[in-house]
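Keep the viewer open as you read.

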Amino acid sequence: MRRATFAAPFAALSLALGGCASEKDIDLSSYVQDIEPADTLYNQGLANLEAGRIKEAIAKFEAVDRQHPYSEYARKSMVMSAFANYRRGNYVDSINSAKRYVALYPSSEDAAYAQYIVGLSYFRQIRDVTQDQKEARQTLEAMDEVITRWPESQYVEDAKAKKRFARDQLAGKEMQIGRYYLERREYVAAAKRFRNVVEVYSDTRHVEEALARLTETYYAMGLASEAQTAAAVLGHNYPDSQWYRDSYKLLQTGGLEPRENKGSWISKAGAVLLGT
């Protein structure tokens with residue numbers, strides 16, 4: 001079978017080299033790649049993975065994909081290569097392999113798993129909120145795909161958990177930038193960031209502080225009604241909060257107290273927080 005497969009290219013090669021060297025000077029076998037059966041390579045990859053030899057496992061899985069590109073083992077190897085690269089911390093390679101699998105086999109039984117690996121690879125790269133949160137946004141997008149396209153898969157619950165963490169990171173980044181502007185007395189820019197937390201990331205732990213910061217920011221801007229509304233919504237949702245007590249005291253220094261303006265965007269956002 002091998003002779004038949006490789007006869008034509010080698011015959012052409014012999015003709016091309018015929019004017020330069022005699023037939024006995026050319027070792028055609030040196031041009032033949034040693035191809036192993038797909039199942040052998042795949043099982044060797046699994047054995048290496050089980051033994052913790054992840055680099056060797058990746059090499060075997062990639063060999064299957066390269067030498068037997070249209071086989072069932074190549075399809076399986078693509079997923080295993082993504083997983084092995086993830087285990088080794090090669091997140092870029094893991095993402096590329098997993099995305100390629102999803103693109104080629106979107107309806108296969110392992111498609112949800114491959115997409116989940118994409119999300120995990122981004123998740124492992126999320127940085128501290130003082131740094132750029134690109135990976136947090138990518139985690140959200142990847143895990144949303146898992147939840148939306150494969151709602152019955154076993155990876156949905158963890159995808160939701162990873163998504164919550166990523167959203168919390170993004171809200172934390174908004175708070176960090178908002179506090180920076182507040183310290184510099186750039187109140188309009190600060191209010192924009194705190195408002196984004198309340199409206200977009202209302203399911204995160206940062207909403208409580210964001211409402212308190214809005215109280216502080218609007219009070220500093222002389223927008224008494226907005227400051228009072230922010231404090232009132234904070235009190236409705238977190239009555240025992242230290243942030244609420246601090247906001248209440250701040251308003252009292254100006255002879256004010258929490259009072260909700262139902263026409264304010266803060267009041268509407270508060271209704272969402274309360275689930276009404």
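Accessible areas here come from the Shrake-Rupley method with a 1.4 Å probe. On that basis, the protein in this predicted model exposes about 15,500 Å², and carbon and sulfur atoms supply 49% of that area. Of its 276 residues, 42% count as buried, where buried means under 20% relative accessible area.

What does the fold consist of? The protein has 13 helices and zero strands, so the pattern along the sequence is simply α-α-α-α-α-α-α-α-α-α-α-α-α. To see how the chain comes together, take the contacts between residues at least 6 apart in sequence: 58% of them join residues at least 24 apart.

Now zoom in on helix α9, which runs over residues 187-200. Its 14 residues reach 20 Å from the first C-alpha to the last, close to the 20 Å expected at 1.5 Å a residue. Within α9, Ala190, Ala191, Phe194, Val197 and Val198 are buried. Seen down the axis of α9, these buried residues fall within an arc of 120 degrees, so they line one face of the helix. An α-helix has 3.6 residues a turn, so residues three or four places apart point the same way. On the face of α9 turned away from the buried side, you will find the exposed residues Val188 and Lys192.

Finally, visit helix α4, residues 72-88, which holds Arg75. Is Arg75 buried or exposed? Arg75 has a relative accessible area of 12%, so this residue counts as buried. Leaving aside residues up to four places away in sequence, Arg75 touches Tyr101, Tyr105, Ser108 and Asp110.

Methods
Residues numbered from 1 in each chain as written. Predicted model: local features only at pLDDT ≥ 70, side-chain atom pairs only at ≥ 80, totals over all residues. Heavy atoms only, no water. Helix = DSSP H or I, 4+ residues; strand = E, 2+ residues; numbered from the N terminus. Expected span 1.5 Å × (residues − 1). Buried < 20%, exposed > 50% of the residue type's maximum accessible area, 1.4 Å probe, protein only. Arc of directions from axis to C-beta. Contact = heavy atoms within 4.5 Å.
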